[in-house]
Amino acid sequence: MRGKFITLEGMDGAGKSTHIPNIIALLESRGIEVVSTREPGGTALGESLRAILLHEEMHPETETLLMFAARREHIEKVIAPALARGAWVLSDRFTDATYAYQCGGRGVQAEKIIALEQWVQGDLQPDATLLFDVPVEVSVARLINARAPDKFERESESFFTKIRNAYLQRATDHPKRFHVINSNQSLEAVISNVNEVVMAL
């Protein structure tokens with residue numbers, strides 16, 4: 001039986017990565033094999049491209065193409081094999097992030113991303129996407145105290161506003177797949193919301 005593909009999305013500072021260990025533990029307690037991965041990254045080549053994408057300035061379309069190059073390798077080497085053997089794949093970001101950051105934030109035409117998505121992924125889509133949502137000012141405030149920021153985390157508040165709006169539009173356009181998590185609550189409340197969604201999958 002094919003495994004399930006779960007993605008975690010949200011602006012930088014939304015706190016999504018904090019919940020990955022909890023989700024893994026919850027699924028493993030049900031006897032499910034979990035493969036935890038991330039984008040950009042997930043493979044040796046993907047991690048090399050990640051370093052370039054997070055720190056080198058480039059044309060927005062170059063950025064988009066490199067994201068999908070890393071994604072093609074990620075699907076081939078990690079995601080597809082794991083799903084085929086029945087494992088559940090938990091990915092910190094996937095293509096929705098490209099729609100949010102490169103389309104919403106950078107202004108790359110949606111039609112170009114749609115074409116790349118169809119070419120690189122075929123019919124592969126996440127079974128469920130948890131979108132961790134916070135007001136932009138909360139995201140920006142959290143990033144001030146974070147590690148040394150990458151080029152995305154150094155962007156302006158207006159950039160993050162575009163990203164958040166793009167994410168929320170994706171959730172509106174794909175309501176069966178998206179589960180919007182209010183990440184501006186107490187940690188306990190967010191964990192409870194996340195657990196409720198995951199247990200229902």
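I take buried to mean under 20% relative accessible area. Tyr167 has a relative accessible area of 2%, so I log Tyr167 as buried. I note that the model I am reading is predicted.

**Entry 1: aromatic rings**

I searched the whole structure for aromatic pairs and got five. I opened the pair of Tyr101 and Phe152. The ring centres are 5.7 Å apart, the planes stand at 90°, and the pair is edge-to-face. Where do the two residues lie? Tyr101 is in helix H4, residues 95–105, and Phe152 is in the loop between helix H6 (136–144) and H7. The parts are 51 residues apart in sequence, so this pair ties them together.

Next I looked up accessibility. Tyr101 comes out at 5% relative accessibility, so I count Tyr101 as buried. Phe152 is at 4% and counts as buried.

I then checked Tyr101 against Tyr167. Their ring centres are 6.5 Å apart and their planes are at 80°, so I file this pair as edge-to-face. Tyr101 in helix H4 and Tyr167 in helix H7 are 66 residues apart, and the pair links these distant parts of the chain. Finally I traced the cluster. Ring pairs join Tyr101, Phe152, Phe159, Phe160 and Tyr167.

**Entry 2: charges over rings**

I looked for charged ends above rings. Arg170 has its charged end over the ring of Tyr99, 3.8 Å from the ring centre. Arg71 has its charged end over the ring of Phe68, and here the distance to the centre is 4.7 Å.

**Entry 3: nonpolar cores**

How many residues are in the largest nonpolar core? I read 39. Ile23, Leu27, Leu90, Leu130, Phe132, Ile163 and Val194 have the most contacts inside this core. Helix H7, residues 157–173, gives the most to the core, with six residues. I also found a second, separate core of 17 residues, with Val35, Ala82, Ala87 and Ile113 among them.

**Entry 4: helix H1**

I asked which residues of helix H1 (residues 20–28) are buried. They are Ile20, Ile23, Ile24, Leu26 and Leu27. Down the axis of H1, the buried residues fall within an arc of 165°, so I note that they line one face of the helix. I then looked up what covers these buried residues. The cover includes strands E1 (5–10), E2 (34–38), E3 (88–92) and E4 (128–133), and also helix H8 (187–199).

**Entry 5: Thr64**

I found Thr64 in helix H3, residues 60–84. Its relative accessible area is 3%, so Thr64 is buried. A polar atom of the Thr64 side chain lies 2.9 Å from the backbone oxygen of Pro60. Leaving aside neighbours within four places in sequence, I list Thr98, Gln102, Val108, Ile113 and Leu116 as contacts of Thr64.

**Entry 6: Glu57**

Is Glu57 buried or exposed? I read 63% relative accessibility for Glu57, and over 50% counts as exposed, so Glu57 is exposed. Glu57 lies in the loop between helix H2 (44–55) and H3. Not counting residues up to four places away in sequence, Glu57 touches Lys151 and Arg154.

Conventions
Residues are numbered from 1 along each chain as its sequence is written. This is a predicted model: local features need pLDDT of at least 70, side-chain atom pairs count only at pLDDT 80 or more; totals for chains, interfaces and linings use all residues. Side-chain values use heavy atoms; hydrogens and water are left out. A nonpolar core is a set of buried Ala, Val, Leu, Ile, Met, Phe, Trp, Tyr and Cys residues joined through side-chain atoms within 4.5 Å. Buried means under 20% relative accessible area, exposed over 50%, partly exposed in between (1.4 Å probe, protein chains only). Helices (H or I, at least four residues) and strands (E, at least two) are DSSP runs, numbered from the N terminus. Rings of Phe, Tyr and Trp (its six-membered ring) pair if their centres lie within 6.5 Å; planes under 30 degrees apart count as stacked, over 60 as edge-to-face and the rest as tilted. A charge sits over a ring if NZ of Lys or CZ of Arg is within 6 Å of the ring centre and within 35 degrees of the ring normal. A polar contact is a pair of N or O atoms within 3.5 Å; within protein, one must be able to donate a hydrogen and the other to accept it, and residues adjacent in sequence count only if both atoms are side-chain atoms. Contact means heavy atoms within 4.5 Å. The arc is that of the directions from the helix axis to the C-beta atoms.
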